[in-house]
Amino acid sequence: MSIWQETHILLGVSGSVAAYKAAFLASRLTKEGARVTTVLTAAATRFVSPLTFQSLTAQPAYTDEALWGAEGHVLHVQLGRQADLMAVVPATAQTLSSLAHGRADNLLTLAALTLQGPLLLAPAMDAGMYEHPAVQANVETLRQRGAYFAGPTTGRMASGEHGLGRLLEPEELLGHIRYLLGRRGPLQGRRLLVTAGGTQEPIDPVRVITNKSSGKQGYALAQAALDMGAEVTLITTPTALAPPVGARLIHVRTAAEMRAAVLQACPQTDALLMAAAVADFTPARPAGHKIKKRDGLPHIDLAPAPDILAEVAALPDAQRPRVVIGFAAESRDLLANAAEKLRRKKLDLIVANDITAADAGFSVDTNRVTLLHADGRREPLPLMSKAQVAETVLARLLPLLSA
Ligand code: CTP
């Protein structure tokens, strides 16, 4: 099940021109499947209308008027208690001050006082206000009280000035909300290491030997692990994918660089998920300068690349992650080859996928895999999105970690 299903977000909107971005966010959250209830301050309604939010979310959007309505005496309590998370987007200097001082002067601040779940604050303010010591003191108070700050970022502001105080973009805010929602998941406190993408082995300064891996399955695993509360390190080769918010990123290109990063991280890792497509061969002597056509067809000698999982298998127990999961992409004899790799690389689980299928494997968003367990069990999974494959793999990881 996606992290957004049956999730109730209370969206607080305060009065800044950036409030229009909160409407985009409300729309994105709703499309993901979350239930979004909005509370706007009086100042926010000068920039955007409650009707905008009501229409985008198909849920009520409240203003202070509701405080004096028939259900006013219970409304703020309900709003705070029913929310899985409250996000204040944008959070103005005024609203940050009210929240820091525990004021109960409007429906937004009242609801924040009854909130049981996490509080995310996305500041937006112009002309250097964010750096003012008074604002910074409020930020510090709220942070110490457990509030999570998403942004602000540096950039052009509505006044035309450039500086720190820009609201994050809706897509980034969505990532931060997702990260915060996951923090209480069952993998809380577990450190997971995920590798993703195809390595690039240099022939010369311009050319590389690489493979068709898009990194999608690895990124989906990192996201699913974050959704379940894990601390995630993602070792990735260059890809066009947006990294999941909250993952610690390590950028590598070659198999040798990935090997060094994996081995360094292993002693601090509870589980390694080796989704990267690592080169098996690498040019033995990469040319220092671009190979020129006029010199004729080059002859490229290859040397073996390090087998990272084989090296992890050989580590002493204290340095080896408790659980190691591998991936096998095969074009023939899928299960026999995968079973052999499971044994040879001392894996707890291997995810086998047939790369000849059009709806599975490289670049596409779906995958059809079979899970092979160390105890001999074979679990064929139906065609799924890579996100669902990731969720299933992590669901199998959970009992292995506590075994
Ligand atoms: N792998 C690795 N280091 C390599 C090659 C692969 O750690 N140099 C890992 C992959 O990340 C994957 C698993 O080993 O999790 C299986 O990868 P695959 O390329 O299918 O296996 P190989 O050992 O290269 O076997 P073969 O060449 O027979 O396919």
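Biologist: How many salt bridges does the rule find across the interface of domain 1 and domain 2?

Modeller: Please keep in mind that this is a predicted model. The chain is divided into domain 1, covering 8-181, and domain 2, covering 191-402. Across the interface of these two domains, the number of salt bridges that the rule finds is one.

Biologist: Which residue meets the side chain of Arg-178 in a salt bridge?

Modeller: A salt bridge needs a side-chain nitrogen of Lys or Arg within 4 Å of a carboxyl oxygen of Asp or Glu. For Arg-178 the distance from N to O is 2.6 Å, and the side chain that meets Arg-178 in this way belongs to Asp-227.

Biologist: How much area do domain 1 and domain 2 bury between them?

Modeller: The centres of domain 1 and domain 2, taken over C-alpha atoms, are separated by 39 Å, while six residues of domain 1 are in contact with five residues of domain 2. Of the area buried between the two domains, 59% lies on carbon and sulfur atoms. In domain 1, Gly-175, Arg-178 and Tyr-179 lose the most area to domain 2, and together they account for 84% of what that side buries. The area that the two domains bury between them is about 450 Å².

Biologist: Why is one side of β3 and of β6 left without a neighbour in the sheet?

Modeller: These strands belong to an open sheet of six strands, which has parallel pairing and the order β3-β2-β1-β4-β5-β6. Because β3 (61-62) and β6 (148-149) stand at the edges of this sheet, one side of each has no neighbour, and what each of them has is a single partner strand.

Biologist: Which residue in β5 stands opposite Ala-87?

Modeller: Strand β4, residues 85-91, runs parallel to strand β5, residues 119-123, and four bridges join them. The residue of β5 that stands opposite Ala-87 is Leu-120.

Conventions:
Residues are numbered from 1 along each chain as its sequence is written. This is a predicted model: local features need pLDDT of at least 70, side-chain atom pairs count only at pLDDT 80 or more; totals for chains, interfaces and linings use all residues. Side-chain values use heavy atoms; hydrogens and water are left out. Domain bounds come from an automatic or database domain assignment. Contact means heavy atoms within 4.5 Å. Buried area is the accessible area (1.4 Å probe) that two parts lose on being put together, summed over both. Two strands pair if DSSP finds at least two bridges between them. Helices (H or I, at least four residues) and strands (E, at least two) are DSSP runs, numbered from the N terminus.
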